[in-house]
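Here is a friendly walk through one protein model, from single residues to the packing around them. Have a look at the structure first, and then we can go through it together.

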Amino acid sequence: MSNVNLFQQRPADIAGQSPLHHAGLHELAGKGSKSAGVSLREKKLRGHLVIRGDARDAAFSGGIHKAVGLELPVALTLVADGDTSLQWLGPDEWLLIVPGGTEFDVERKLREALDGQLFSVVNVSGGQTLLQLSGPKVREMLMKSTSYDVHPSNFPVGKAVGTVFAKSQLVIRHVGEDTWELVIRRSFADYFWLWLQDACAEYGLAVEA
């Protein structure tokens, strides 16, 4: 394997805090209206790894599949297996999200499977978090938050894009008929949380644990 120093960013004996820890989402969980049009859940402390390489190289794509069991997704899409997902970010860049606590082992598997190739794997877990939005009014809320066309004909399940949202930037992922995910930067977590509360006011917002 290449001579790279790997570091366990969050050892098992150290309790991590999500970017929205101070917002007290756990205290709000279950207190919203049962008929709320939007439900929000922070899928906190997941492992986020950015992978770069040549998708045209069978050895690279095969190495990714060997390490994580997923095929490289094509442009503007994502593939998933349970809590593990792989999303296209650019022609030679992908975002891999894995269950929290497994990112260090996954990175080692990737480096072993891709040994000898030209590639990059960067653990960005501490700089991002994942918000899940579900319910019948999510699409309407997105329509007034982003200029990107989220109509079903343009944004089907399985699509994922990086775009402008609330005058900032994030990644929108359509993972189920009425379920979407937002990949946000840690430093913008407060801003997006406040924005979502306001944008969902007319539909009702419920927080899930």
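## A threonine and its partner

Let's begin with a side-chain pair: T129 and E42 make a polar contact through their side chains, at 2.9 Å. Please keep in mind that this is a predicted model. T129 is found in strand β7, and it counts as buried because its relative accessibility is 2%, where buried means under 20%.

Which residues does T129 touch, beyond those up to four places away in sequence? They are P19, E42, K43, K44, H48, L182, V183 and I184.

Next comes S85, which lies in strand β4, residues 84-90. Is S85 buried or exposed? With a relative accessibility of 6%, S85 counts as buried, because the cut-off for buried is under 20%.

The side chain of S85 makes a polar contact with the side chain of R173, at 2.7 Å. R173 is also among the contacts of S85 once neighbours within four places in sequence are set aside; the others are L70, V79, A80, L95, L96 and I97.

In soluble globular proteins, nonpolar side chains tend to be buried together. Here the largest nonpolar core has 27 residues, and the members touching the most others are L133, M141, L142, F165, L182 and L196. At least two residues of this core come from each of β1 (38-42), β7 (128-134), α4 (138-143), β8 (160-165), β9 (168-176), β10 (179-185) and α5 (189-199). Helix α5 gives the largest share, five residues.

Leaving aside neighbours within four places in sequence, F165 is in contact with M141, L142, S145, T146, L170, I172, L182, F192, W195 and L196. Another core, of 19 residues, lies apart from this one and includes V68, L70, W88 and V121.

## The largest pocket

How many residues line the largest pocket? There are 17, and L89, Q128, G162, L170 and V171 lie nearest the centre of the pocket. Its volume is about 310 Å³. Strands β4, β5 (93-98), β8, β9 and β10 each give two or more residues to the lining. Sorted by class, the lining holds 10 nonpolar, five polar and two charged residues.

## Helix α3 and its packing

Helix α3 spans residues 103-113, and its buried residues are E103, F104, V106, E107, L110, R111 and A113. These buried residues pack against β2 (47-52), α2 (58-68), β5 and β6 (120-123).

## Two positive phi angles

Finally, two backbone spots to check. L76 is not a glycine, yet it has a positive phi of about 60°. L76 is found in the loop between α2 and β3 (78-81), and its relative accessible area of 35% makes it partly exposed.

A166 is the other one: its phi is near 55°, again a positive value in a residue other than glycine. A166 has its place in the loop between β8 and β9. Why does A166 count as buried? Because its relative accessible area is 2%, and buried means under 20%.

How values were computed. Residues numbered from 1 in each chain as written. Predicted model: local features only at pLDDT ≥ 70, side-chain atom pairs only at ≥ 80, totals over all residues. Heavy atoms only, no water. Helix = DSSP H or I, 4+ residues; strand = E, 2+ residues; numbered from the N terminus. Buried < 20%, exposed > 50% of the residue type's maximum accessible area, 1.4 Å probe, protein only. Polar contact = N/O pair within 3.5 Å; in protein donor to acceptor, adjacent residues only side chain to side chain. Contact = heavy atoms within 4.5 Å. Core = buried A, V, L, I, M, F, W, Y, C linked by side-chain atoms within 4.5 Å. 1 Å grid on protein atoms, 1.4 Å probe; cavity = no way out; pocket = protein on both sides within 12 Å on 5 of 7 lines; lining within 4 Å. Points joined across faces, edges and corners; volume = space filled by probe spheres on them. Nonpolar A, V, L, I, M, F, W, Y, C, P; charged D, E, K, R; others polar.
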